[in-house]
Amino acid sequence: MSHVRIIIGSQSDMAHAEKAKEQLNFFGISNDLFVSSAHRTPERTKELCIKAEDDGVKVIIAMAGMAAHLPGVVASFTTLPVIGVPLSGSPLNGVDSLYAVVQMPTGIPVATVAIDGAKNAAILAAQIIAVSNLDIKVKLMKMREEYYK
């Protein structure tokens, strides 16, 4: 079974995480959600990443605002695909988050979606899973047909 793990750095990011969960549920992709800060709970964050494959996780979505270290920290602990969602809410309206997530060093890539792009992160996760899951691919194709009617 394909599974997506969503990690947010703060309870205040929950509304964004719910958008991703809703989209994953639409595709029938199981998912879990954890609040774990790269700064306040680094050991917990590391553990969630290291155990992800054993938990059946295929893709991790990490959301963070301001300094936005969470997606990069997550990517440093796993070879699973990591999708970073920069979040607004800072004085720079998320541009600082975007720069922090998109500017990862060679060897630690993080796919990055738009500021507050939780729904697109879930769709990208579905596309990654669809490479080896025909059911998800069909659902993606139907979703696109609906969008472009």
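A salt bridge is counted here where a side-chain nitrogen of Lys or Arg lies within 4 Å of a carboxyl oxygen of Asp or Glu. The structure is a predicted model, in which local features need pLDDT of at least 70 and side-chain atom pairs count only at pLDDT 80 or more, while totals for chains, interfaces and linings use all residues. Residues are numbered from 1 along each chain as its sequence is written, and side-chain values use heavy atoms, with hydrogens and water left out.

Across the whole structure, 3 salt bridges are found. One of them joins lysine 51 to glutamate 47, with the closest N and O atoms 3.2 Å apart. Burial is assigned by relative accessible area (buried, under 20%; exposed, over 50%; partly exposed, in between; 1.4 Å probe, protein chains only). Lysine 51 is partly exposed at 42%, and glutamate 47 is partly exposed at 38%.

Arg5, Asp32 and Asp55 are linked in a network of salt bridges. Between arginine 5 and aspartate 32, the closest N and O atoms are 2.9 Å apart. This pair links distant parts of the chain, since aspartate 32 belongs to strand S2 and arginine 5 to strand S1, 27 residues apart. Helices (H or I, at least four residues) and strands (E, at least two) are DSSP runs, numbered from the N terminus. The salt bridge between arginine 5 and aspartate 55 likewise has its closest N and O atoms 2.9 Å apart. Arginine 5 lies in strand S1 and aspartate 55 in the loop between helix H2 (42-50) and S3, so this pair ties together parts that are 50 residues apart in sequence.

The 5 strands form an open sheet with parallel pairing, in the order S2-S1-S3-S4-S5. Two strands are taken to pair if DSSP finds at least two bridges between them. Strand S2 (30-35) and strand S5 (111-112) are the edge strands, each pairing on one side only. Strand S3 (residues 57-65) pairs with strand S4 (residues 82-87) in the parallel sense over 6 bridges. Alanine 62 is placed opposite glycine 84 of S4, and proline 86 in S4 is the bridge partner of alanine 64.

Strand S4 is mostly covered, with 6 of its 6 residues buried. Val82, Gly84 and Pro86 point one way from S4, and Ile83, Val85 and Leu87 point the other way.

Axes are lines fitted to C-alpha atoms, for helices over the stretch in contact, and angles run from 0 to 180 degrees between N-to-C directions. Helix H1 (residues 14-27) lies across strand S1 (3-8), S2, S3 and S4, and runs at about 170° to S2. Helix H4 (residues 95-102) packs on the sheet and touches S3, S4 and S5, its direction making about 160° with that of S4.

Valine 102 lies in helix H4 and is partly exposed at 44% relative accessibility. Together with Leu92, Val95 and Tyr99, Val102 makes a nonpolar surface patch of about 380 Å². Patches are made of residues with over 30% relative accessible area and no salt bridge, like charges being joined within 9 Å and nonpolar side chains (Val, Leu, Ile, Met, Phe, Trp, Tyr) within 5 Å. Accessible areas come from the Shrake-Rupley method with a 1.4 Å probe, and for residues only the protein chains shown count as cover.

Technical notes
Contact = heavy atoms within 4.5 Å.
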